[in-house]
Amino acid sequence: MDTGFFPITYVKNFASSTNGKLYLTNRRLVFKAGKLQGVGGVAAGGIFVPNLKDVNKSKEFFAIALSDITAVDTVWAGITVNAAGQKYKFGGMRKTNEWQEAISRAMNS
């Protein structure tokens, strides 16, 4: 299962997020950042200088083992995954109830 054509957002904290895709395999929940990130930066003398933090977001990739997941909750247009003492929030999603159910089924199989 994956989030499809449109990107979703992995929200690290209030001030930082990364756009990408979420995949569910039979062993892991995988997030892969997309190449198109919101680019922030400054214009200096008519030249746009991108923020390097935003440029490097497209390299982000992580996987959460299903065995580490302790809870999956739906929130408005997203899901929150608790795993190994950390909380992962994915927003801008469609079919959040289906994602919650699919992750729960995969955890129990």
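Reader: Which residues lie nearest the centre of the largest pocket, and how many residues line the pocket?

Author: Rolling a probe the size of a water molecule over the atoms shows where empty space is left. A pocket is an open set of points, on a 1 Å grid over the protein atoms alone, where a 1.4 Å probe fits, with protein on both sides within 12 Å along at least five of seven lines; lining residues have an atom within 4 Å of a point. In this predicted model, local features need pLDDT of at least 70, side-chain atom pairs count only at pLDDT 80 or more, and totals for chains, interfaces and linings use all residues. Residues are numbered from 1 along each chain as its sequence is written, and side-chain values use heavy atoms, with hydrogens and water left out. The largest pocket has 13 lining residues, and T3, G4, F6, M93 and R94 lie nearest its centre.

Reader: Which strands stand at the edges of the open sheet, and what is the strand order?

Author: Strands are DSSP runs (E, at least two residues), numbered from the N terminus, and two strands pair if DSSP finds at least two bridges between them. Here 7 strands form an open sheet in the order β6-β3-β2-β1-β9-β8-β7, with antiparallel pairing. β6 (61-65) and β7 (69-75) stand at the edges, each with a single partner strand, so one side of each has no neighbour in the sheet.

Reader: How many bridges join β8 to β9?

Author: Strands β8 (residues 78-83) and β9 (residues 86-91) run antiparallel and are joined by 6 bridges. Within this pair, G78 is opposite G91 in β9.

Reader: Which element gives the most residues to the lining of the second largest pocket?

Author: That element is β2, with 4 residues.
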